[in-house]
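Subject: Structure handover

Hello,

Here is the structure I promised to pass on. Please open it alongside this note.

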Amino acid sequence: LPITGIILAAGASTRFGSPKQVADFGGETMIALAVRRAASQCAAGVVVVAGANHDALAPILDNLPVRTVRNRQWREGMAASIRTGMAEVPEYSAGVLLMLCDQPAITTADLGRLTSVWRRVPGEIAAARYASSLGVPAIFPPSYWPELRDLRGEGGAKQIILAAKAVSAVEMPAATLDIDTPEQLLQLD
């Protein structure tokens with residue numbers, strides 16, 4: 001069951017003060033780290049959705065095994081990035097792994113557990129459980145792709161996950177940490 005990874009990296013990083021996607025985490029940019037970890041699970045390839053900081057990301061992404069797409073509607077919010085990424089999913093893909101680029105504490109092993117759980121029930125969404133809720137990273141089977149393609153506004157895929165009849169939850173405390181400020185990044189490193 002080949003999975004396509006979609007990494008959302010289109011935000012302006014306003015609270016961070018510079019493009020956080022290219023910030024260093026353990027000797028690697030956050031975007032390169034996310035790509036490497038996603039690629040470990042995504043036989044159907046990885047798509048990076050860039051936007052506000054596209055030009056800062058381009059030189060890094062050019063050297064990584066990804067398809068980069070530009071979301072020109074990035075100001076709308078996550079929904080526009082998800083729609084942009086979904087347009088790049090190949091037909092033979094059996095699932096879509098949706099990730100953010102600013103959750104650097106998530107490990108390859110975390111994504112491996114998520115993938116394993118999804119493969120047991122590939123008709124259901126498999127989502128990370130953290131901070132007493134469900135969210136991304138999450139894997140969506142094709143039955144949810146029309147909803148992902150129709151998302152509008154600020155919100156992301158969480159609303160689809162929470163409305164789903166059945167979700168395979170995978171405990172992932174590392175997903176709690178998303179980097180919004182340089183101070184948060186320094187605390188980790």
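This is a predicted model: local features need pLDDT of at least 70, side-chain atom pairs count only at pLDDT 80 or more; totals for chains, interfaces and linings use all residues.

Seven strands form an open sheet with mixed pairing. Their order is S5-S4-S1-S6-S8-S7-S9. S5 and S9 (167–171) stand at the edges. Each has a single partner strand, so one side of each has no neighbour in the sheet. From one strand to the next, the twist averages 30°.

Look at the S9 end. S7 and S9 run parallel and are joined by five bridges. Ile125 has Val167 in S9 as its bridge partner.

Two helices to find next. H2 packs on the sheet and touches S1, S4 and S5. The direction of H2 makes about 170° with that of S5. Helix H3 (residues 78–86) also packs on the sheet. H3 touches S1, S4, S5 and S6, and its direction makes about 145° with that of S1.

**The cores**

The largest nonpolar core has 30 residues. Ile7, Ile31, Val48 and Leu97 touch the most other members.

- strands S1 (3–9), S4 (46–50), S6 (95–100) and S7 (125–130)
- helices H1 (30–39), H2 (54–61) and H4 (108–120)

A second core is separate and has 27 residues. Among them are Leu134, Phe140, Trp145 and Ala157.

Beyond its neighbours within four places in sequence, Val48 contacts Ile7, Ala9, Ile31, Val35, Leu61, Val66, Arg67, Thr68 and Val69.

H1 is largely enclosed by the rest of the structure, because eight of its 10 residues are buried. Those buried residues are Met30, Ile31, Ala32, Leu33, Ala34, Val35, Arg37 and Ala38. Note that Arg37 is on that list.

H2 has His54, Leu57 and Leu61 buried. These three cover an arc of only 65° around the axis, which puts them on the same side of H2. What covers the buried residues of H2? The cover includes S1, H1, S4 and strand S5 (67–70).

**Thr29**

Thr29 lies in strand S3 (residues 28–29). Is Thr29 buried or exposed? Thr29 counts as buried, because its relative accessibility is 18% and the cut-off for buried is under 20%. The side chain of Thr29 reaches the backbone nitrogen of Ala32 at 3.1 Å. Leaving out residues up to four places away in sequence, Thr29 touches Gln21, Val22, Ala23, Asp24 and Ile60.

**Phe16**

Phe16 sits in the loop between S1 and strand S2 (24–25). Phe16 is buried, at 9% relative accessible area. Which residues does Phe16 touch, not counting those up to four places away in sequence? They are Ala23, Ile179, Asp180, Thr181, Pro182 and Leu185. Phe16 and Arg36 are 20 residues apart in sequence. In space, their C-alpha atoms are 23 Å apart.

Best wishes

How values were computed:
Residues are numbered from 1 along each chain as its sequence is written. Side-chain values use heavy atoms; hydrogens and water are left out. A nonpolar core is a set of buried Ala, Val, Leu, Ile, Met, Phe, Trp, Tyr and Cys residues joined through side-chain atoms within 4.5 Å. Buried means under 20% relative accessible area, exposed over 50%, partly exposed in between (1.4 Å probe, protein chains only). Helices (H or I, at least four residues) and strands (E, at least two) are DSSP runs, numbered from the N terminus. Contact means heavy atoms within 4.5 Å. A polar contact is a pair of N or O atoms within 3.5 Å; within protein, one must be able to donate a hydrogen and the other to accept it, and residues adjacent in sequence count only if both atoms are side-chain atoms. The arc is that of the directions from the helix axis to the C-beta atoms. Two strands pair if DSSP finds at least two bridges between them. Axes are lines fitted to C-alpha atoms, for helices over the stretch in contact, and angles run from 0 to 180 degrees between N-to-C directions.
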